[in-house]
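Let's take a walk through this structure together, one feature at a time. Keep the sequence and the 3D view at hand as you read.

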Amino acid sequence: MATPTILILTDTPGRGERLARDLSVLASCAVLDILDPDQRDVTGGATAFRAVLSDVSLVRSATIAALRSQLDRLKAHSAPYLFLLHEDTPRTFAQAHALGARQVLRADAPCSELLKAVSGLIGTIAPTLLPAECPPSIAAADVALSRIFEAARGGAVDPDLVATGTKFVAQAVRTTGIRDWLEVVWRFDDVTHQHCLLVAGLASGFAQSLGLSEADCQRLTQAALLHDIGKAKIPEAILNKPGALDPEERRIMQQHSSLGHAMLRGSGFSDEMLAVVRSHHECLDGSGYPDGLRGAEIADLVRLVSVCDVYGALIERRPYKTPLSAERAYSILEGMSGKLNGDLVRAFRPFAVLATT
């Protein structure tokens, strides 16, 4: 088991465990109850911790003393320290800095702010753009996708990381609804990031609307989250170009599907996931890429993701592009009957209208 990256010092274990769950999308966490004498020596291997977070009320002197004792044990390791402020007073703010806090954040701050603060301390990628009111599940999905693309740029993606991201997407769509999911994701600046989260959210919501089993919902959501992973290998100038690509840029862009497939092959991903990554731009009439597959050569899961992928591209919001209305976007899907599966397009209609009106 991996050594925890973040140490959470708390005087309320249940609250500390909730923080650990929120932060698990960034890194593994250990929770220490500073009032439990049996945990007094748990920080013996603290050299592994890259950040320390305290979730402690400073109302009682005994609690302050217990927190100071644990921080003294950690002092030699110089891990950056984030203090969550439960009492918003000048006195507690001063106490936080006296205890060595590098950063202070209100304990009731939005999850998105917490994730950004901790990602800065441990040196991992931060969320791209999150509104202050962003629900925790959407914030977590955003960070998970950021970490997936960060790993992909290095050439290796962990299936467990993708499974975590899939879980957060499905949870967010289920709890906030597809409309709220889209409203948040539409406000992301990064084009690829916005598109991947749009398609993953659409796939998750579409699967739920079809009444698919939990396992099948997870498969479709994971496939959608991964489908454009090869874009991690495409130059950003092409990905974010504010306008149409020229023929050479289009040729480079179209390599993303085969690049993604090559990246994930042999890394523990199923054949059906690899098929989605490689073939989501294939068309039933053989006009797609990279292999010119036709009809039955295109797997059912690929066909499902392709519908969500095309619709997601049509409704994207960018500074230089006006998104299409639900009616116009769906009419384009209908007009692609020779390329997309007609039955799936028809099944998608009620969900498409619900998602974007």
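Arg317 lies over the face of Trp186, at 3.7 Å from the ring centre. A charge sits over a ring here if NZ of Lys or CZ of Arg is within 6 Å of the ring centre and within 35 degrees of the ring normal. Lys167 does the like with Phe168, lying over the ring's face at 4.9 Å from its centre.

Before we go on, a word on what you're looking at: this is a predicted model, where local features need pLDDT of at least 70, side-chain atom pairs count only at pLDDT 80 or more, and totals for chains, interfaces and linings use all residues. Residues are numbered from 1 along each chain as its sequence is written, and side-chain values use heavy atoms, with hydrogens and water left out.

Now to the sheet. Five strands make up an open sheet in the order β2-β1-β3-β4-β5, and the pairing is parallel. (Strands, E, at least two residues, and helices, H or I, at least four residues, are DSSP runs numbered from the N terminus; two strands pair if DSSP finds at least two bridges between them.) In general, strands of a sheet pair through backbone hydrogen bonds, either parallel or antiparallel. Which strands stand at the edges? They are β2 (29-33) and β5 (103-106), each with a single partner strand, so one side of each is left without a neighbour in the sheet. From one strand to the next, the twist averages 20°.

Let's follow the pairings. Strand β1 (residues 6-10) is joined to β2 by five bridges, and the two run parallel; Ile8 stands opposite Val31 in β2. β1 also pairs with β3 in the parallel sense, over five bridges, with Ile6 opposite Ala51 in β3. Four bridges then link β3 to β4, again running parallel, and here Val52 stands opposite Tyr81 in β4.

Five of its five residues are buried, so β3 is largely enclosed by the rest of the structure. Buried means under 20% relative accessible area, while exposed means over 50% and partly exposed is in between, using a 1.4 Å probe and protein chains only. Ala51, Leu53 and Asp55 point one way from β3, and Val52 and Ser54 point the other way. Helix α1 (residues 13-23) lies across β1, β2, β3 (51-55) and β4 (81-85), running at about 155° to β1. That angle is taken between N-to-C directions, from 0 to 180 degrees, with axes as lines fitted to C-alpha atoms, for helices over the stretch in contact; contact means heavy atoms within 4.5 Å.

On to the aromatic rings. How many aromatic pairs does a search of the whole structure find? The search finds five. Rings of Phe, Tyr and Trp (its six-membered ring) pair if their centres lie within 6.5 Å; planes under 30 degrees apart count as stacked, over 60 as edge-to-face and the rest as tilted. Tyr81 and Phe83 have ring centres 6.4 Å apart and planes at 70°, so this pair is edge-to-face, and both residues are buried. Phe348 and Phe351 are edge-to-face too, because their centres are 5.7 Å apart and their planes at 65°. Both lie in helix α16 (residues 342-356), three residues apart, about one turn of the helix. Phe348 is buried at 0% relative accessibility, and Phe351 is buried at 5%. Together with Phe206 and Tyr311, they form one aromatic cluster.

Next, find Lys231 in the loop between α9 (214-226) and α10 (236-239). Is Lys231 buried or exposed? It's buried, with a relative accessible area of 15%. Among the residues Lys231 touches, not counting those up to four places away in sequence, are Phe149, Thr192 and His256. Phe149 sits in helix α5 (residues 136-154) and is buried, at 6% relative accessible area.

His256 takes us to helix α12 (residues 256-264), where His256, Ser257, Gly260, His261, Met263 and Leu264 are buried. After α12 comes Gly266, whose phi is positive, near 80°.

Our last stop is the loop between α13 (271-279) and α14 (300-315), where you'll find Pro290. A cis peptide bond joins Tyr289 to Pro290, with omega about 10°.
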